[in-house]
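Reader: I am new to this, so please take me through one part closely. Could you pick the place where the two chains meet, and then show me what lies behind it?

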Amino acid sequence: MTDLAWIEGAITAARPQAMAALLRYFRDMDAAQEAFQDACLRALKAWPKNGPPRDPTAWLIMVGRNAAIDAVRKSSRNTVLPPEELLSDLEDAEAEAAERLDGSHYRDDVLRLLFICCHPDLPATQQIALALRIVSGLSVREIARAFVVGEAAMEQRITRAKAKVGAGDAPFEAPGPIERAERFAAVAAMIYLVFNEGYSASGKAIEAKGGLCDEAIRLARLLLRLFPAEPEMMGLTALLLLQHARSDARFNADGQAILLEDQDRSLWNRKMIGEGLALIDKAMLKRNPGPYQVQAAIAALHARAARPEETDWVGIDQLYATLEIMQPSPVITLNRAVATAKVRGPEAALEMIEPLATRLDGYFHFHGARGAFLLQSGHKVEARQAFDRAISLANTAAEAANIRQYLDRVTAEAEKSST
Amino acid sequence: MLYAILCYNQEDVTCAWSQEHEDEVMQKLGVVQERLTREGRLGPVARLMPTTAATTLRKDRDPPLVLDGPFAETKEQLLGFYVVDCDSLDGALEIAKDLGKANPGGSYEIRPIALFLPGTPSGVIDA
């Protein structure tokens, strides 16, 4: 008897590749999805009876294809395949299918499937929802829960997104190097969006959204396994692992965010950190840096510090400087300023962020950081003004509460010095 | 005789395990490991990181070639190993069967060990 947990794991693992192959075959998202679902139902019946197939992915693709062809009576177009009850014994047929799978462009198929989901006409949230439904196989209910919307609304959103992307405009032929690199960048960005959707959750939403981080890591690992020499994919996977490793330490019992410096580092997940460090180490050997690698390297320097005082702020400052050149953005400069404050003092940091004032005026973190720098350099009145502004811009109660802690500190110090 | 029990499985499957399933498997394996430890037959145990973290050095040329990923692209990957002390292959197979009951799926390759240097690695990493 084949373990049910094993079957579930095998199906989950096979899904992206099987869906990609079925989409290539049917050239239609709905048909591919139905075929895959059909194959899964048959697997649940056949595998416990006949034992697991040697190659579950090949089995699911063949049976899915077969079932769909049966259903639409298009058998004239194809050789009729044996019924699935026999397939577990048909090592040759399986080996042949597996061979076709490995021999063809299945890596590009999976990349393509992910790429379709990040259609530029789709807003980010729909890209994520579509990828989670089509590639990861999350149920509509699970996705709806993660986005805090009703199931019917999410169903409609996904249907609309699917209609928009159709089978995608991207051709099914193997892409050239430039095209592949473009698809790669779009897919990596989408995976990071999935991750951040989960990572940015706070309070009660953590439970609903936390799974998105794991899902993003799974997708990143999948792509990395298909393209094992891509340094940016190593960087992205490392970045996600190193960030996610801190999950258990990021909030206190009341759901308030705990700053990196104040986190209990014994709660950081050493296994994820170990893998993240191994990956970024490997990526750096390539001497072909990119934004994900640099961000992962920054996260790695935080992860390597056993205590906050041991953090290599000079290294972090330099890495942010590199990131500023690669991806100029006021938010990155703001992040760099935090490191600069540690290395060269709060005045240098204030000077660095001054030019950002107009562009980041509506940004909560700008005023929060500015307030902290002002406080450190002894400008209490101005610090208070900055914190007040930050609170008025806070997106969540947790953000506001965080700034209030600073404000309380200013008030307490003011009272202390006046008595 | 010392035997290596090399653990092969599809890592995309093991990576898709839920935390609950993972904990359950590790707990069941722990029971077998504890018994072997009591019997003084358990040597070093290692669980390897995913093959995405692997690097291969091809040393059949000079200078050697550094490649990403494991040595061979196979359906199942080497994910870890045990070193156990047994009188015979039979004994090693018995242990492998017990481990297999705790963690079904994949396969174990049982290979006698020719040279064993226990070494003194500084860090113990908890799974």
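Author: Between chain A and chain B, 3 residue pairs are in polar contact, both residues at pLDDT 80 or more. That score matters here, since this is a predicted model. On chain A, the elements that give two or more residues to the side touching chain B are α1 (4–26), α11 (205–226) and α13 (270–285). The residues on that side of chain A divide into 11 nonpolar, 3 polar and 9 charged.

Now the charges. There are 4 salt bridges between chain A and chain B. One of them joins the side chains of B:Asp68 and A:Lys282, at 3.9 Å from N to O.

Next, the extent. In total, 23 residues of chain A contact 22 residues of chain B. The area buried between the two chains is about 2,000 Å². Carbon and sulfur atoms give 59% of that area.

Turn to chain B itself. Its 4 strands form an open sheet, in the order β2-β5-β1-β6, with antiparallel pairing. β2 (42–47) and β6 (107–112) of chain B stand at the edges with a single partner strand each, so one side of each has no neighbour in the sheet. From one strand to the next, the twist averages 20°.

β2(B) is joined to β5 (residues 77–85) of chain B by 4 bridges. There, B:Leu42 stands opposite B:Val84 in β5(B).

Helices complete the view. α2 (residues 19–38) of chain B lies across β2, β5 and β6 of chain B, at about 160° to β2(B). α3 (residues 89–102) of chain B packs on the sheet too, touching β1 (2–9), β5 and β6 of chain B. The direction of α3(B) makes about 155° with that of β6(B).

How values were computed
Residues numbered from 1 in each chain as written. Chains lettered and ligands numbered in written order. Predicted model: local features only at pLDDT ≥ 70, side-chain atom pairs only at ≥ 80, totals over all residues. Heavy atoms only, no water. Pairing = 2+ DSSP bridges. Axes fitted to C-alpha atoms, helices over the stretch in contact; angles between N-to-C directions. Contact = heavy atoms within 4.5 Å. Buried area = accessible area lost by both parts, 1.4 Å probe. Polar contact = N/O pair within 3.5 Å; in protein donor to acceptor, adjacent residues only side chain to side chain. Nonpolar A, V, L, I, M, F, W, Y, C, P; charged D, E, K, R; others polar.
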